[in-house]
Amino acid sequence: MKKLLFAIVIALFSACQTSSDQTTLNASENPFEQEWNTPFEVPPFNKIKDAHYMPAFKKGMEENLAEIDAIVNNPEAPSFANTLEELERSGKLLTKVQRVFFNLASSNTNPKIQELQRELSPLISAHYDKISLNEGLFKRVETIWQARESLDLSNEQRKLLADTRKSFVRAGALLNEEQKAQITEINSKISELTTAFGQNLLAETNGFELILDKDDLDGLSEDIIAAASETAAQKMEKAETDKEKAKYKDKYVFTPHRSSMYPFLTQSNRRDLREQLFTSYIQRGDNDNETDNKEIAAKLAKLRAERAQLMGYETHAHFVLEERMLKTPAEVYDLLMQLWKPALERAKVEVADMQAVVDKEGHNFKIAAWDWWQYSEKVRKAKYDLDEAALKPYLSLDNVLKGVFETTNKLWGITFTELFNINVYHPDARVWEVKDKDGSHLGIFIGDYFTRSNKRGGAWMSSFKGQSNLDGKERPVVVNVCNFPAPVGDAPSLLSFENVITLFHEFGHAMHGTLTNVTYGSMAGTSGPRDFTEFPAQILEHWASEPEILKSFATHYQTGEVIPDNLIAKLLKASKFNQGFANTEYLAASLLDMDWHTIKAEDALKDTDAFEKASLTKIGLIDEIAPRYRSTYFAHIFAGGYSAGYYSYVHSAVLDSDGFAAFKEAGNVFDSELAAKLRKHVYEKGATEEAMQLYEQFRGRQPKIDALLKVRGLDGSTD
Amino acid sequence: MRHLKTLTFCIVLCSSFVAYSHTQDELVILEIEQGELIFQDEQMAAEYQAALKRQRMRHLAAMPWLEKFLLFVQAGIAHIIPKGLDHILFVLGLFFSSLILGSLLWQVSAFTLAHTITLALAAQGVVQIPGDIVEPLIALSIVWVAVENCMFEQTNKWRPFIVFGFGLLHGLGFASVLSDYGLPEGNFVALLLAFNIGVEVGQLLVLIAAAVLVWFIRHKSWYRQRIQIPASLIIALVGIFWFIERTF
């Protein structure tokens with residue numbers, strides 16, 4: 001029930017309503033209210049104007065509510081067909097406009113769309129609340145659920161029924177009025193504290209600056225100095241008094257923003273200044289001032305525990321994990337602790353490597369947390385140096401696309417034909433038809449790869465049209481949006497290897513959205529649990545680093561020469577660099593997240609610093625490494641949607657490494673039997689079965705961590 | 001230029017809808033809080049044009065040979081009618097110089113030969129002269145032929161050579177449109193030829209249209225006074241206007 005999840009997220013951010021000039025348009029001219037007689041039902045982008053959205057949203061919500069009423073007031077006894085299937089069929093217009101609108105709001109936005117977004121978010125959130133809190137609707141679903149054993153339901157139907165019911169229950173359908181009122185109160189407190197946490201963090205990050213003179217810049221490269229000088233100039237411009245301005249005149253400013261701090265920590269030879277800047281970073285929200293986040297974090301954790309208890313769960317983590325692939329906190333702890341020891345061991349080796357450099361340089365100090373970037377860079381140069389610039393000419397976008405198409409073709413026999421007769425929203429967005437081995441149509445893939453000023457940063461996959469087999473075969477229209485550098489002049493776009501991995505990753509999501517083949521659209525494609533949906537994306541990344549495959553597509557764009565073996569070797573070796581550190585800081589933060597969200601409702605309000613310290617001491621974190629996020633700036637879990645969920649990054653990594661290892665064990669990365677299983681049980685199934693079952697059907701067993709340890713060089717094999 | 005503060009919730013909203021937005025995990029949250037999307041109209045227009053060109057080039061690369069050839073003929077025509085108003089005026093300037101077919105043919109041939117040469121050279125990248133030099137000169141060339149039409153009743157024998165020189169300029173003008181349009185590397189010569197054929201067809205159409213219009217009055221005694229000179233004057237005025245517009 002993605003719609004409900006969507007509604008909850010919007011509810012959290014329903015602020016800031018602004019009015020807009022309403023252009024009334026004739027409904028018969030609104031493309032959203034017409035049949036799309038376009039090839040493959042790709043939205044008719046050239047006909048859609050900004051003024052069409054609002055009327056279509058309003059009409060869509062009206063229609064949707066009328067459909068829900070019709071379901072609830074149906075005089076016939078509740079049945080799977082007249083309730084759940086009708087629910088699936090409802091909201092077509094709303095879904096249609098919503099998909100186009102929110103896609104373009106990220107990939108091709110404009111001031112009007114941004115304004116509409118602010119105006120729409122409270123409306124949409126209120127709309128979905130009306131459905132998820134509809135008691136009549138829940139009663140019908142509950143009636144069917146109670147009778148589920150006597151009904152002749154397919155596995156997919158049973159899963160849809162259980163998921164739908166669960167989403168009502170999680171929205172509070174089984175609670176009495178008093179409990180519901182309590183939940184509402186807790187939710188509003190959580191919402192306030194979450195906002196405050198984010199605002200404090202922003203203020204704290206902006207609150208510290210390291211103002212330097214010309215002679216404090218030892219070791220810094222020219223571009224870094226220029227950037228710091230620019231920061232000072234900007235601050236000077238913003239300053240209001242002359243005294244303020246004088247503070248920045250001819251100075252250089254560094255801040256605890258990662259983009260400013262990391263280069264400084266890496267390059268500056270001034271150990272005292274490195275310590276100052278790093279300390280300001282890790283003390284954010286922990287300065288006992290008016291923007292302190294300690295109490296807020298503790299209160300949030302406690303409120304979440306109370307809410308979980310009201311809902312009938314042991315802890316907040318239990319509440320969250322119920323919907324994940326790993327079902328209980330114990331399973332998550334087990335996974336994290338299995339990885340913890342090898343990661344920490346490796347980190348200790350890395351510390352020793354760096355200490356050796358310090359000693360060799362004739363310094364007399366012990367490596368500290370603020371030395372890590374500088375000395376790991378020295379180790380990297382000595383052991384792993386890879387020249388990114390030498391690699392790029394082999395990685396033109398067209399070559400990489402050819403590579404990813406060939407990879408999926410060899411795995412599943414699917415083919416890609418670029419289409420030019422389809423109108424999309426921007427000339428850089430390319431369109432391919434995806435066909436199956438037998439030539440039948442599978443879906444439309446849109447690839448929108450270059451960065452531009454009206455596109456948001458990052459990389460993502462989404463769809464303009466979903467898949468369903470409920471009323472005839474509906475095939476999807478999916479999109480990948482990335483931010484690769486646009487080509488200069490007539491030269492091709494050259495990617496970094498990181499870009500290549502991103503492309504394969506998002507393409508994996510796209511395949512998940514394209515190969516899907518389920519009856520009920522709400523369970524199609526990528527709609528599974530968060531700690532599983534990354535698996536189909538991440539596993540595809542592995543093919544990009546296979547020497548055999550790299551050689552098939554990475555040819556020099558000018559000379560046509562195939563990528564040399566020594567470059568590939570360096571590339572693969574570089575991926576193991578600093579993994580002890582990266583994994584240790586990440587795992588420490590994941591464990592901290594789990595600790596915060598397994599506290600009990602009846603526990604006293606925690607002292608944040610003491611709690612965190614105990615949590616980190618318990619696992620033996622070394623002083624040279626701070627957790628990726630400390631509690632007072634852990635925005636993922638206290639200001640975002642990752643509470644009891646930060647572990648999922650590594651969980652997905654375990655799955656993809658273990659999954660790909662199956663192909664390596666078979667001795668063929670295109671093993672046809674395995675590829676077929678992967679498609680059948682993972683890429684086609686959406687959320688129609690429990691994620692762990694799907695994985696086991698593909699792999700023949702539960703996931704193991706060994707392959708991940710090897711991929712990351714944590715198995716003791718790295719020198 | 002407008003700066004628009006993007007509000008945190010918008011982005012969290014989209015990143016939750018567009019379910020899988022990540023790569024660097026901190027981007028998802030830290031950048032959101034500080035993010036600011038800047039809309040610069042000029043930059044966006046430039047990005048859009050570049051994207052359009054890339055799209056055209058991809059499409060061309062995927063086209064069958066004949067279709068591509070015809071497309072370039074079409075593009076050549078389109079760059080005279082309706083897009084090449086200054087070239088139309090120049091050709092009309094030639095038309096109003098003489099009603100003797102032989103003289104006209106010589107001039108048009110000289111013009112065609114000359115612009116073919118510079119178009120080919122510029123498309124190859126051998127010659128590169130910036131548009132803000134070429135464009136005002138093209139305007140002046142229009143003024144020149146039109147003024148000459150008013151001064152001499154019949155063309156002098158140097159005229160084809162002067163027209164040849166001007167043709168070189170116009171070729172550079174075509175080249176700049178062609179490079180905006182994009183020329184796939186693989187079929188360079190054939191497509192250049194196709195484009196040129198299109199330009200010739202466009203020129204001929206202009207000449208034929210003009211000839212049809214004046215066919216029945218060309219022998220009237222007042223043809224020069226009432227048609228040839230006023231038309232040339234108008235052409236010259238437009239040319240002067242363009243020259244000023246393109247220079248300042």
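Predicted model: local features only at pLDDT ≥ 70, side-chain atom pairs only at ≥ 80, totals over all residues.
Me: What core does V97(A) sit in, and how many residues has it?
Reply: V97(A) belongs to the largest nonpolar core, which has 176 residues. V97(A) and L395(A) have the most contacts inside that core.

Me: Which residues are in the second core?
Reply: That one is separate and has 45 residues, including V134(B), I138(B), L178(B) and W242(B).

Me: OK, chain B then. How many helices and strands?
Reply: Chain B has 10 helices and 2 strands. Starting at the N terminus, the order is β-α-α-β-α-α-α-α-α-α-α-α.

Me: How much of chain B is buried?
Reply: 38% of its 248 residues count as buried. As for contacts in chain B between residues at least 6 apart in sequence, 87% of them join residues at least 24 apart.

Me: At what angle do α5(B) and α10(B) pack?
Reply: Helix α5 (residues 85–95) and helix α10 (residues 223–247) of chain B pack at about 145°, and their axes are 10 Å apart. The crossing is left-handed.

Me: Which residues meet there?
Reply: From α5(B) there are D86(B), L89(B), L92(B) and G93(B). They meet S232(B), I235(B), V238(B), G239(B) and W242(B) of α10(B). By class, this contact has 5 nonpolar, 3 polar and 1 charged residues. W242(B) is also one of the residues in the second core.

Me: What does L140(B) contact beyond four places in sequence?
Reply: L140(B) is in contact with G239(B) and F243(B). L140(B) and F243(B) are 103 residues apart in sequence, yet their C-alpha atoms are 6.2 Å apart.

Me: Where is L140(B), and is it exposed, partly exposed or buried?
Reply: L140(B) is in helix α7 (residues 131–151) of chain B. It counts as partly exposed because it has 17 C-beta neighbours inside 10 Å, and buried would take 20 or more.

Me: Back to chain A. Why call α21(A) largely enclosed?
Reply: Because 9 of the 10 residues of helix α21 (residues 535–544) are buried. The buried ones are F535(A), P536(A), A537(A), Q538(A), I539(A), L540(A), H542(A), W543(A) and A544(A).

Me: What covers them?
Reply: The cover includes α18 (397–412), α19 (497–515), α20 (530–533), α22 (547–553), α27 (648–665) and α28 (672–683) of chain A.

Me: And α24(A), buried or exposed?
Reply: 17 of the 18 residues of α24(A) are buried, so this helix is largely enclosed by the rest of the structure. Helix α24 covers residues 579–596 and reaches 26 Å from first C-alpha to last, close to the 26 Å expected at 1.5 Å a residue.

Me: Backbone next. What is phi at D250(A)?
Reply: D250(A) has a positive phi of about 55° although it is not a glycine. Most residues other than glycine have a negative phi.

Me: Where is D250(A), and is it buried or exposed?
Reply: D250(A) is in the loop between α10 (242–248) and β2 (252–254) of chain A. It counts as exposed because it has 11 C-beta neighbours inside 10 Å.

Me: What about D288(A), what is its phi?
Reply: Near 50°, a positive value in a residue other than glycine. D288(A) is in the loop between α12 (271–282) and α13 (294–310) of chain A. With 7 C-beta neighbours inside 10 Å, D288(A) counts as exposed.

Terms used: Residues numbered from 1 in each chain as written. Chains lettered and ligands numbered in written order. Core = buried A, V, L, I, M, F, W, Y, C linked by C-beta atoms within 7 Å. Buried ≥ 20, exposed ≤ 12 C-beta atoms within 10 Å, placed from the backbone. Axes fitted to C-alpha atoms, helices over the stretch in contact; angles between N-to-C directions. Helix = DSSP H or I, 4+ residues; strand = E, 2+ residues; numbered from the N terminus. Left-handed = near helix turned anticlockwise from the far one by under 90°. Contact = placed C-beta atoms within 7 Å. Nonpolar A, V, L, I, M, F, W, Y, C, P; charged D, E, K, R; others polar. Expected span 1.5 Å × (residues − 1).
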